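Open the model in your viewer and have the selection tool ready. The stops below say what to select and what to look for.

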Amino acid sequence: MSSSLLIIITLLLFTAGYLFYGRFVAKKLGLDRNAPTPAHTRKDGVDYVPAKWPILLGHHFASIAGAAPIIGPITAAVFGWIPVLLWIVLGNIFLGAVHDLTSLVASVRHKGQSLGEVIETYIGKKGKGLFLIFAWSTLVLVVAAFVILVVKTFTASPAVGTSSSLFILLALMFGFSIYKLKFPLSISSVIGVALLLGCVWLGNQYPIQFSPDQAVNQQVWTWIVLGYIFIASVTPVWILLQPRDYLNSFLLYLVLIVAFV
């Protein structure tokens, strides 16, 4: 079967899933677009900060492209293209999308709290404790897998390490300009995407390599990446993660379009 035909069929299934199954799930959840979210009702400028919908869309689009949608299909490819197609189409429509939507709705309806707090409300402290142990164990595996993947990539392709480091600085400046300086989102986005492509170009011009020894490079990058993970996990989301994912979403859109063409 033609790969182009498979892509077209997949896009049609995603569209149908969004229009019909998405509406079914939204109706079951009783969603109301006019209901105020905790970002507005508990606004404090730190953890509760309203975001414009394009930024929120980019943030979640980039965030969902994590372990399951990336590592899963790569692993499934060992068994052929059919498992990959089933994983991407059925997995995203009936598992990934529903999981993310219901998790977000549960959090929004409980003052923006994490799932651990929501579970404690309905199941109790033991349920919360068990869930947190499971979540922590899962995150250790996910973080370990991604650290290894990222470090190996940065070591094998030093240009990627440079581009990624510059991109983090760009994300910080973009978030500050949007939320503190109140720059228009449209103009900031155009400039941000242009600078993002500039980061990619600079990465190729000035690749970071700490030592001729690859083992040393891996060790240094491992500590840098682990330090970044810690900082990103405790920093208010609007400062780093949200602008980072928003700008990154444009890169993902570009890659998808070019790959399709």
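Select Lys 128 and Glu 120: they form a salt bridge, with the closest N and O atoms 3.3 Å apart. This is a predicted model, and the distance comes from its atoms. Glu 120 is partly exposed, at a relative accessible area of 24%.

Is Lys 128 buried or exposed? Its relative accessibility is 18%, and Lys 128 therefore counts as buried, since the cut-off for buried is under 20%. Glu 117, at 29%, counts as partly exposed. With Glu 117, Glu 120 and Lys 128 displayed together, you have a network of salt bridges. Side chains of opposite charge can pair when their charged atoms come close.

How many salt bridges does a search of the whole structure find? It finds three. Asp 245 counts as buried, at 3% relative accessibility, whereas Arg 244 is partly exposed at 21%.

**Helix 7**

Go back to Lys 128 and select the helix around it. Helix 7 has 32 residues and reaches 46 Å from its first C-alpha to its last, close to the 46 Å expected at 1.5 Å a residue. Colour its buried residues: Gly 127, Lys 128, Ala 135, Val 147, Val 151, Phe 154 and Thr 155. Then show what covers these buried residues, which includes helix 6, helix 8 and helix 10 (214-234).

**Helix 8**

Follow the chain into helix 8 and pick Ser 177, which is found there. Ser 177 counts as buried, with a relative accessibility of 9%. Which residues is Ser 177 in contact with, leaving aside its neighbours within four places in sequence? They are Lys 182, Phe 183 and Ser 188.

**Helix 3**

Next select residues 53-64, which make up helix 3. This helix has twelve residues, and the distance from its first C-alpha to its last is 16 Å, close to the 16 Å expected at 1.5 Å a residue. An α-helix has 3.6 residues a turn, so residues three or four places apart point the same way.

**Aromatic rings**

Now display the aromatic side chains. A search of the whole structure finds nine aromatic pairs. In one of them, the rings of Tyr 21 and Phe 24 have their centres 6.1 Å apart and their planes at 20°, so this pair is stacked. Tyr 21 and Phe 24 are three residues apart in helix 1 (residues 3-29), a separation of about one helical turn. Both are partly exposed: Tyr 21 has a relative accessibility of 27%, and Phe 24 has a relative accessible area of 46%.

For a group of rings, select Phe 61, Phe 174, Tyr 246, Phe 250 and Tyr 253, which form one aromatic cluster.

**The whole chain**

Finally, clear the selection and switch to a cartoon view. What elements does the protein have? There are eleven helices and zero strands. The radius of gyration is 20 Å, close to the 18 Å that the globule rule gives for 261 residues, so the protein is as compact as a globular protein of that length. Its C-alpha atoms fill a box of roughly 55 × 50 × 45 Å, taken along the principal axes.

Colour the protein by accessibility, and the buried residues make up 26% of the 261 residues. Then turn to contacts between residues at least 6 apart in sequence: 72% of these join residues at least 24 apart.

Technical notes: Residues are numbered from 1 along each chain as its sequence is written. This is a predicted model: local features need pLDDT of at least 70, side-chain atom pairs count only at pLDDT 80 or more; totals for chains, interfaces and linings use all residues. Side-chain values use heavy atoms; hydrogens and water are left out. A salt bridge is a side-chain nitrogen of Lys or Arg within 4 Å of a carboxyl oxygen of Asp or Glu. Buried means under 20% relative accessible area, exposed over 50%, partly exposed in between (1.4 Å probe, protein chains only). Helices (H or I, at least four residues) and strands (E, at least two) are DSSP runs, numbered from the N terminus. The expected span of a helix is 1.5 Å times one less than its number of residues. Contact means heavy atoms within 4.5 Å. Rings of Phe, Tyr and Trp (its six-membered ring) pair if their centres lie within 6.5 Å; planes under 30 degrees apart count as stacked, over 60 as edge-to-face and the rest as tilted. The radius of gyration is taken over C-alpha atoms; the globule rule is 2.2 Å times the number of residues to the power 0.38.
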